[in-house]
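Work through the exercises below with the sequence and the coordinates open. Each task is followed by a solution in steps.

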Amino acid sequence: MALNRLLGVLILANFIFIVTLSLFNSVIGKWGFFLYLPGIFFIPHYQLLGLNRSLPALFLSGLIFDLFFNHTLGFHAFAMCLIFLIAREFLHLGKQSSIQITIFQLIANLIMAILWAILCTSFQPSLASWTWTRFLIELPLSMVFLIPLSLWFSSFCNSLIMGIKPTSEGLPLLKK
């Protein structure tokens, strides 16, 4: 039961972040910028949940991400699950520093951005508002924002979890 509660809290944290990011993007959109940050969701799921709970949570978060940002429904859901499955083969729980975790999130974000840009420009001309020029400007900006947000998001998930189920020692994996 505790893992199901943890699953619900992480989905809630993802939803809060997606809503906040969409509001922020609507504000900075006036200046022609868009932050693309789906790579931020992996680490809390990887550190706290097993495969059977992480995949549905990431899939649901990807669908919500697609819905809020008007992307092709299912693209981020499947991409996030695929990258999560691949990452589980290379990451070893508890053995990474926060720098290695941030680098992983940057790489995951970069892979999804490249796949999305290819999809937009090649296969769906109606989505071609994300041109290669815009991609080359917005992706580095998103990566700069992803670095501090990745550290913040783990702390945010930890604080939400502690609000639901307080313990004296906290969650050691999220304190890094």
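**Exercise 1.** Determine whether Asn-25 is buried, partly exposed or exposed, and list its contacts beyond the sequence neighbours.

Solution. Step 1: the relative accessibility of Asn-25 is 7%. Step 2: buried means under 20% relative accessible area, exposed over 50%, and partly exposed in between, with a 1.4 Å probe and protein chains only. Asn-25 therefore counts as buried. Step 3: Asn-25 sits in helix α1, where helices (H or I, at least four residues) and strands (E, at least two) are DSSP runs numbered from the N terminus. Step 4: contact means heavy atoms within 4.5 Å. With neighbours within four places in sequence left aside, Asn-25 contacts Phe-33, Phe-34, Leu-35 and Phe-69. Step 5: the C-alpha atoms of Asn-25 and Tyr-36 are separated by 9.0 Å, at 11 residues apart along the chain.

The model is predicted: local features need pLDDT of at least 70, side-chain atom pairs count only at pLDDT 80 or more, and totals for chains, interfaces and linings use all residues. Residues are numbered from 1 along each chain as its sequence is written, and side-chain values use heavy atoms, with hydrogens and water left out.

**Exercise 2.** State the secondary-structure content and the overall burial of the protein.

Solution. Step 1: the protein has six helices and zero strands. Step 2: along the sequence this reads α-α-α-α-α-α. Step 3: of the 176 residues, 46% are buried. Step 4: among contacts with a separation of 6 or more, 72% join residues 24 or more positions apart. Step 5: the accessible surface is about 9000 Å², and 72% of that belongs to carbon and sulfur atoms. Accessible areas come from the Shrake-Rupley method with a 1.4 Å probe; for residues, only the protein chains shown count as cover.

**Exercise 3.** Count the aromatic pairs and classify the pair of Tyr-36 and Phe-65.

Solution. Step 1: rings of Phe, Tyr and Trp (its six-membered ring) pair if their centres lie within 6.5 Å; planes under 30 degrees apart count as stacked, over 60 as edge-to-face and the rest as tilted. Step 2: by this rule there are 16 aromatic pairs. Step 3: for Tyr-36 and Phe-65 the centres are 6.1 Å apart and the planes make 80 degrees, an edge-to-face pair. Step 4: Tyr-36 belongs to the loop between α1 (2–28) and α2 (42–48), and Phe-65 to helix α3 (residues 51–68), so the pair links parts of the chain 29 residues apart. Step 5: Tyr-36 is buried at 1%, and Phe-65 is buried at 0%.

**Exercise 4.** Classify the pair of Phe-41 and Phe-65, and name the aromatic cluster that includes them.

Solution. Step 1: the ring centres of Phe-41 and Phe-65 are 6.5 Å apart and the planes are at 80 degrees, so this pair is edge-to-face. Step 2: Phe-41 lies in the loop between α1 and α2 and Phe-65 in helix α3, so the pair ties together parts 24 residues apart in sequence. Step 3: Phe-41 is buried, at 0% relative accessibility. Step 4: Phe-17, Phe-34, Tyr-36, Phe-41, Phe-65, Phe-69, Trp-152, Phe-153 and Phe-156 form one aromatic cluster.

**Exercise 5.** Describe the largest nonpolar core and the contacts of Phe-104.

Solution. Step 1: a nonpolar core is a set of buried Ala, Val, Leu, Ile, Met, Phe, Trp, Tyr and Cys residues joined through side-chain atoms within 4.5 Å. Step 2: the largest has 51 residues, and those with the most contacts inside it are Tyr-36, Phe-41, Phe-42, Phe-104 and Phe-153. Step 3: two or more residues come from each of α1, α2, α3, α4 (75–90), α5 (98–123) and α6 (132–164). Step 4: α5 gives the most, with 10 residues. Step 5: apart from neighbours within four places in sequence, Phe-104 contacts Phe-42, Ile-43, Ile-83, Ala-87 and Leu-91.

**Exercise 6.** Is Asn-14 buried or exposed, and what does Asn-14 touch?

Solution. Step 1: Asn-14 lies in helix α1. Step 2: its relative accessible area is 1%, so Asn-14 is buried. Step 3: not counting residues up to four places away in sequence, Asn-14 touches Phe-41, His-45, Ser-61 and Phe-153.
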